[in-house]
Amino acid sequence: MSLMMEAKMNALLEKRQKALSGGGIEKIKKRHDQGLLTARERIELLVDEGSFEEFDMFKGHRCHHFGMEKMETLGDGVVTGYGTIAGRLVYLFSMDFTVLGGSLSETFAEKICKIMDMAVKNGAPVIGLNDSGGARIQEGIESLAGYSDIFLRNVTSSGVVPQLSGIFGPCAGGSVYSPALTDFTVMVRNNSYMFLTGPKVVKAVTHEDVDVETLGGASVHTTKSGVAHLAADNEEQAISQLRELFSYIPQNNMEAPPRLDTNDSVNREEMGLCNLLPENPNHPYDIKQLIAATVDDGKFLEIQPDYAPNIVIGFARYGGQSVGIVANQPLHLAGVLDNDASVKAARFVRFCDAFNIPLVTFVDVPGFLPGTTQEYGGIIRNGAKLLYAFAEATVPKVTVTVRKAYGGAYCVMSSKHLRGDINYAWPTAEIAVMGAKGAAEILFAREVKENPDKAKEILEKRIAEYSDKFANPYEAAKRGYVDAVILPQRTRFRICNALVMLEGKQDSNPRKKHGNIPL
């Protein structure tokens, strides 16, 4: 090796080492003392060992204001590149809080936009690890323009390649919109927060005293706002959740989700399901027991478990095939549909449809939640979102009605009328306009009023008559709205077979720019 080449190589290695140190050894040590990982350490945990290839390591800002011209920031506060997760290509960016608080500049945004463009061209997901104080104030409009460039790509990439976000620190102001536009967001409890305006601005404008955790912490966004989908106790767990999410989704909208081999037999029967439902049809049970009993190896990744718990959504597999599951939860509000549950499920259904993930729906719904709070909150509009999502979806759709399916809620929950492909029902299913008691009180009100002495006896008789006639799956089966009434213990077998049969399904919607979902 020539002396010139050796000198050049040493200069490269020295420059590379400087870039790898981010904001410097002291700032890295400070983060470690706080129990936090660096931007690159997060990437190393997320991707397969040795697979990460970094871009634009030496890219720096172009700002010449407020003394910035004297400050060199190799990489400019964000690490970008590509790697693999379980051998599958993924593009990544990880914000580096040790460099100017991870603030976004013009060049910072350019680096992110570059890998987002590459992701679309090469048909691979994007994962963003956010840890930023927001726009770099010294740059003014350039930083705002950078945010807008990222937002545009979030939107144009939506439904083309999956986008996942991890929040590992502050995410305030305009920076919150990029994660909000992605498909799934994971937060870290007590370490991450998201809000448009911070506590000081809130205090000045509304006179509320609030801290960052109460205003926009993980507990807020996973229980109240629905902005975040999963919360982790630490950074390692959050990264594990991102990897698990990634395992269920395809590379892009033109591919099928990955299949995993399983030793769990398709023919496995679960006799315990015969005892799942209480004798009293008004008593609750846990729909997650049904899900766990039927999916491969009992493994179910629930999404938004603490938000609108009256409906359950998440990913699982049947016969190795990735599916999205939507299920009413009788343990909470009897499984009714309300504003939050409708929106939660609708967005999940649309994600699955965009990325070729079949939908399996378990139905036990007594209707929509009544009351002024729901009506004023837009239950008509929000319930219509779920209806729209299921009707629009062209992926394979398998529905199992377990117990109640009343009124408009029956229609909305992936019924045959919304292009459900296979609709099963347990023998315990009650598919009707409403419950027997309510129906009898309306239908036979005059008879009861005219015979006050026998009112109770008449009503009980009429309830039994209505129940025999309508509170069962057979009237729907007569009309082909239920394809088969099945034994509970054979639910897994039926779903697995239906999904295999539907693998070659081809369906489409009329040509249009896009529909006008009732937002």
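Author: Two strands pair if DSSP finds at least two bridges between them, and helices (H or I, at least four residues) and strands (E, at least two) are DSSP runs, numbered from the N terminus. This is a predicted model, in which local features need pLDDT of at least 70 and side-chain atom pairs count only at pLDDT 80 or more, while totals for chains, interfaces and linings use all residues. Residues are numbered from 1 along each chain as its sequence is written, and side-chain values use heavy atoms, with hydrogens and water left out.

Reader: In which sense do strand 14 and strand 16 pair?

Author: Strand 16 covers residues 484-485, and in this strand valine 485 is the bridge partner of alanine 425. Two bridges join strand 14 and strand 16, and the sense of their pairing is parallel.

Reader: Which residue of strand 14 is the bridge partner of valine 400?

Author: Strand 13 (residues 397-406) pairs with strand 14 over four bridges in the parallel sense. In strand 14 (residues 422-425), Ile422 and Tyr424 point one way while Asn423 and Ala425 point the other way, and all are buried, where buried means under 20% relative accessible area, exposed over 50% and partly exposed in between (1.4 Å probe, protein chains only). The bridge partner of valine 400 is tyrosine 424.

Reader: Which element gives the most residues to the lining of the largest pocket?

Author: A pocket, on a 1 Å grid over the protein atoms alone, is an open set of points where a 1.4 Å probe fits, with protein on both sides within 12 Å along at least five of seven lines, and lining residues have an atom within 4 Å of a point. The largest pocket holds about 1500 Å³ of space, a volume being the space filled by probe spheres set on the points, with grid points joined across faces, edges and corners. Of its 45 lining residues, the closest to the centre are Ser158, Arg347, Arg350, Phe351 and Ile517. With nine residues, the element that gives the most to this lining is helix 12.
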